[in-house]
Amino acid sequence: MSRLPLAVPFGATASRPTWEALPREVRALIEERAGSAVLQSISQGAGFTSGFASRLVLADGSRLFVKAASSELSEVAHPSYVHEAEVVSALPVEVPAPRVRWAEHVGTWVVLGIDDVEGRSPQRPWQSDELELVLAALTGLATALTPVPASLGTIAPVSEYDDEMSFWRKRSAGDPVALSRPLAPAWEARLPGLAALESEWTTLCDGDTATHFDLRDDNVLLTADGQVLVCDWKWLTRGAAWLDLAGLLVSAHGDGHDADTLWRSHPLSAGVPARALDAFLAALAGLFVEYSAHERDSRSPWLRAHQAWWRDASLSWLAARLT
């Protein structure tokens, strides 16, 4: 397929506070826990939240990655950082992820000190060698998280997201919000079949794996020695072992790669019914049709463009599979 144009400036999508903008007590806590003064703060522009996220260069020569958010300033980043600290602290040692060294609360702020990793996100559009490296790492990731490790406790199953990922069913039933979303006539004609397909997604995507459930290029770090580290675990969900593979391949398809061949050749797709993948893609595409039509989000001027790109990529792959 042809590549979908990337309108989103990858690595520069978030609007984050600077080090100087943090309250004095938050900066003092960070330096106290770090054991050294902060010489430089390098803000990380990837992602779509408004929380502080910076690589800190310390006076003793070390580095620390810090996330921080206030419950008064960010209704999304604050609870997600709290949850992320809990999840990452409970991940098995076999899971390749930067570790949370400490998590503290000061006033309305939550502050996370995380291992700083010398790495970078994969290039976009996806380069074949980097894509193959990340896809290969997914097998070990799923193995380490199947069955759901006891350390993670009870985590939400995919069925928790059924209402959020039910756009086709809502539109088919005449829901006024769903009907207000722009939709090409070709997809309108498919509406009954899409609603039926979507109605099966939670059953077909059920499983006993702790999935990342938001595995995108900007949640991956590649190191110089070939390691693949997975970051931002705030959407941890119990489901089928192949879900992260399917989600990642949407972006590969959008970047012009043969996602179906990559899917069929991957160990995690073995024995997975074609309808299961189609049902997941239908639910995911409907989610992005819905979200991309929302009003501009002040957290990131690029969020809706990002969602529109994923809408188009997931619809394109689904269309190719249903032809």
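Student: Why does Ala195 count as buried?
Tutor: The model is a predicted one. Ala195 has a relative accessibility of 9%, and buried means under 20%, so Ala195 counts as buried. The residue belongs to helix 7, residues 191–198.

Student: Which residues is Ala195 in contact with, leaving aside its neighbours within four places in sequence?
Tutor: Trp168, Arg169 and Ser172. For contact, heavy atoms must lie within 4.5 Å.

Student: Trp168 has come up; is Trp168 buried or exposed?
Tutor: Buried: its relative accessibility is 0%, and the cut-off is under 20%. Phe167, at 3%, is buried by the same cut-off.

Student: What makes the aromatic pair of Phe167 and Trp168 edge-to-face?
Tutor: A search of the whole structure finds nine aromatic pairs. In the one formed by Phe167 and Trp168, the centres are 5.1 Å apart and the planes are at 75°. Rings pair if their centres lie within 6.5 Å, and planes over 60 degrees apart count as edge-to-face.

Student: Why are the rings of Trp242 and Phe280 called edge-to-face?
Tutor: Their centres are 6.2 Å apart, which is within 6.5 Å, and their planes are at 85°, which is over 60, so this pair is edge-to-face. It links distant parts of the chain: Trp242 sits in the loop between strand 10 (237–239) and helix 9 (243–254), while Phe280 is in helix 11 (residues 274–292), 38 residues apart. Trp242 and Phe280 are buried.

Student: Which residues do ring pairs link into a cluster?
Tutor: Tyr161, Phe213 and Trp235. Phe213 has a positive phi of about 70° although it is not a glycine, and its place is the loop between strand 7 (209–211) and strand 8.

Student: What is the phi of Asp232?
Tutor: Near 55°, a positive value in a residue other than glycine. Asp232 lies in the loop between strand 9 and strand 10. Its relative accessibility is 17%, under the 20% cut-off, so Asp232 counts as buried.

Student: How do you know that Ala224 is exposed?
Tutor: Exposed means over 50%, and Ala224 has a relative accessible area of 88%, so the label applies. Ala224 is in the loop between strand 8 (220–223) and strand 9 (228–230).

Student: Why is helix 9 called oblique to helix 11?
Tutor: Their axes come within 11 Å and cross at roughly 55°. An angle under 35 degrees would be roughly parallel, and 65 to 115 would be roughly perpendicular. Roughly 55° falls between these ranges, so helix 9 is oblique to helix 11. The crossing is right-handed. Contact is made by Leu243, Ala246, Gly247 and Val250 of helix 9 with Leu277, Phe280, Leu281 and Leu284 of helix 11.

Student: What makes helix 11 and helix 12 roughly antiparallel?
Tutor: The axes of helix 11 and helix 12 (residues 303–322) cross at roughly 150° and come within 8 Å. Angles over 145 degrees count as roughly antiparallel, so that is the label for helix 11 and helix 12. Their crossing is left-handed. Among the residues that meet are Leu277, Leu281 and Leu284 in helix 11 and Ala308, Leu315 and Leu318 in helix 12.

Student: How do you know that the charged end of Arg190 sits over the ring of Trp187?
Tutor: It lies 5.4 Å from the ring centre, and the distance cut-off is within 6 Å. Arg124 likewise lies over the face of Trp309, at 5.0 Å from the ring centre.

Student: What kind of peptide bond joins Arg124 and Pro125?
Tutor: A cis bond, with omega about 0°. Pro125 is found in the loop between strand 6 (119–120) and helix 3 (128–144). The bond from Thr146 to Pro147 is also cis, with omega near -10°, and Pro147 is in the loop between helix 3 and helix 4 (167–172).

Definitions and conventions
Residues are numbered from 1 along each chain as its sequence is written. This is a predicted model: local features need pLDDT of at least 70, side-chain atom pairs count only at pLDDT 80 or more; totals for chains, interfaces and linings use all residues. Side-chain values use heavy atoms; hydrogens and water are left out. Rings of Phe, Tyr and Trp (its six-membered ring) pair if their centres lie within 6.5 Å; planes under 30 degrees apart count as stacked, over 60 as edge-to-face and the rest as tilted. Buried means under 20% relative accessible area, exposed over 50%, partly exposed in between (1.4 Å probe, protein chains only). Helices (H or I, at least four residues) and strands (E, at least two) are DSSP runs, numbered from the N terminus. A charge sits over a ring if NZ of Lys or CZ of Arg is within 6 Å of the ring centre and within 35 degrees of the ring normal. Axes are lines fitted to C-alpha atoms, for helices over the stretch in contact, and angles run from 0 to 180 degrees between N-to-C directions. A crossing is left-handed if the near helix is turned anticlockwise from the far one by less than a right angle, and right-handed if clockwise.
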